[in-house]
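Here is a briefing on one protein model, grouped by topic. Please look over the structure first, then read on.

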Amino acid sequence: MDFEHSPRARELLERVGAFIEQEIAPREEGYLRELLAREDPFVALPVLDELKEKARAQGLWNLFMPDEEHGAGLSNVEYAPLAERMGRSIIASEVFNCSAPDSGNMEVLAGFGSPEQRERWLVPLLEGRIRSAFCMTEPEVASSDATNMQATARVEGEEVVVDGRKWWSSGVGHPRCEVAIFMGLTDPQADRYHQHSMVLVPLATEGVKVERMLSTMGFVDAPGGHGEVSFTDVRLPVDAIIGGPGQAFTIAQARLGPGRIHHCMRLIGLAELALELACRRASERVAFGKPLANLGGNRERIADARIAIDQARVHVWHAAWLVDRRAPEALGAVSQIKVATPNMAQRVVDMAIQLHGGAGLSDDLPLGAAWTVARALRLADGPDEVHRGVVARLELARHGKGSWAS
């Protein structure tokens, strides 16, 4: 396998990097400070729209989409370094219209949506005119096991009736969020892989209510955020179901594979930023008559961080390569990186915070937010325990043991 960047990926990487340095970096801190200073941070500030218009005009738009009709037509291996570069910035992914949950929702609509669904929702999402949310996790059950799901999407004649309560519904706080993809139980008598459906629910529909926005260790992740949403007797035409009733599991697996790779590559970019800040601090800050780099094993910590980041990067590239080839081994590889990368990023950011002392905990630096992102991604898209379970079952099966041995 060859991980050298393709000419197309190399060209886009240079252009994305230049845009971030010249356009985003000079304005990012001011944008974030203005957002945090507002009583209501769930607003669309003009500076972000200006950056998006510039990015789109330069063709740096929808870079994650794997087909040239809707995006750059890159493979997962080709997109990986772009996602890493965006990961060094809190807002870059959104500026390039490559941020979750919109990216995953767009891939779902492109792959499974009907022509009418794509026209109504995919086109404005691709153009950046609206935002979207993803509603799967529920407050009353362990949502890592979809068979626990209590929310329902019942088919009644020509209607689908949506009921339930979701939380950690990503993107729902954005003022331009117009639609949510809702996952609910349709047929409890079907086999476990065909019980659930995904439904496109316009947020303006009667019975939909954003109950509250949630903070993550003090961070609200505005302007998209994560909310708790109730759905009470929400009635929609049956053609609001994506791919037909009972297809949610198939759609979810298609959505989450590339999405997990994107998350991991962005985390590697975040870890690179943390390591860069740590090296600067260790070189410039003096304590007890010496630079911090010469105290208390800090050189070894910096070296370990470099080793861990490089290991994770190749690990993720390998998983992307397997997904691109639709190899059976991709299932285990994606679960491996989903465990390894957030844990690596959390350790590297924690080391950087320690070197910065009190400053590392403040909003003066991005490290507190970076640590929170890494910690949250040990739960999002499946907790560590679930992915370790997949890896273990596959490994045992290789030796003829366990339920997957056959």
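Helix α2 (residues 46-57) gives the largest share of the lining of the largest cavity, 3 residues. Helices (H or I, at least four residues) and strands (E, at least two) are DSSP runs, numbered from the N terminus. This is a predicted model, in which local features need pLDDT of at least 70 and side-chain atom pairs count only at pLDDT 80 or more, while totals for chains, interfaces and linings use all residues. Residues are numbered from 1 along each chain as its sequence is written, and side-chain values use heavy atoms, with hydrogens and water left out.

**Cavities and pockets**

- On a 1 Å grid over the protein atoms alone, a cavity is a set of points where a 1.4 Å probe fits but cannot get out. A pocket is an open set with protein on both sides within 12 Å along at least five of seven lines. Lining residues have an atom within 4 Å of a point.
- Grid points are joined across faces, edges and corners, and a volume is the space filled by probe spheres set on the points.
- The count is 3 cavities of 30 Å³ or more.
- The largest cavity holds about 50 Å³ of space. Its lining includes Tyr 31, Leu 48, Asp 49, Lys 52, Glu 94, His 174 and Arg 176. Pro 223 is also one of the lining residues of the largest cavity.
- The second largest pocket has a volume of about 200 Å³. Among its lining residues are Glu 116, Arg 120, Trp 121, Pro 202, Pro 237 and Asp 239.
- Three elements, α6 (115-126), β5 (196-202) and β7 (226-237), each supply at least two residues of that pocket's lining. The largest share, 4 residues, comes from α6.

**Backbone geometry**

- The peptide bond from Ala 222 to Pro 223 is cis, with omega about 5 degrees. Pro 223 sits in the loop between β6 (208-214) and β7.
- Asp 221 lies in the loop between β6 and β7. Its phi is positive, near 55 degrees, although Asp 221 is a residue other than glycine. Asp 221 is partly exposed, at 47% relative accessibility.
- Buried means under 20% relative accessible area, exposed over 50%, and partly exposed in between (1.4 Å probe, protein chains only).
- Asp 233, in strand β7, also is not a glycine and has a positive phi of about 50 degrees. Asp 233 is partly exposed, with a relative accessible area of 39%.
- A cis peptide bond also joins Ala 100 and Pro 101, with omega near 0 degrees. Pro 101 lies in the loop between α4 (92-95) and α5 (102-112).

- The expected span of a helix is 1.5 Å times one less than its number of residues.
- Helix α8 (residues 298-324) has 27 residues and should span 39 Å. Its end C-alpha atoms are 39 Å apart, which agrees.
- Buried residues of α8 include Ile 302, Ala 305, Ile 309, Arg 313, Val 316, Trp 317 and Ala 320. What covers the buried residues of α8 includes α3 (76-87), α7 and α9. Contact means heavy atoms within 4.5 Å.
- Arg 326 follows α8 and has a positive phi, near 50 degrees.
- Helix α11 (residues 384-398) has 15 residues. It reaches 21 Å from its first C-alpha to its last, close to the 21 Å expected.
- The buried residues of α11 are Asp 384, His 387, Val 390 and Ala 397. They pack against α7 (248-284) and α9 (330-356).
- An α-helix has 3.6 residues a turn, so residues three or four places apart point the same way.
- Gly 400 follows α11, with a positive phi near 75 degrees.

**Cysteines**

- A disulfide is a pair of cysteine sulfur atoms within 2.5 Å. The count comes to 0 disulfides.
- Cys 177 is buried, with a relative accessible area of 9%. Cys 279 counts as partly exposed, at 30% relative accessibility.

- Ser 6 is in the segment before α1 (7-37).
- A polar contact is a pair of N or O atoms within 3.5 Å. Within protein, one must be able to donate a hydrogen and the other to accept it, and residues adjacent in sequence count only if both atoms are side-chain atoms.
- A polar atom of the Ser 6 side chain lies 3.1 Å from the backbone nitrogen of Ala 9.
- The side chains of Ser 6 and Glu 78 are joined by a polar contact of 2.7 Å.
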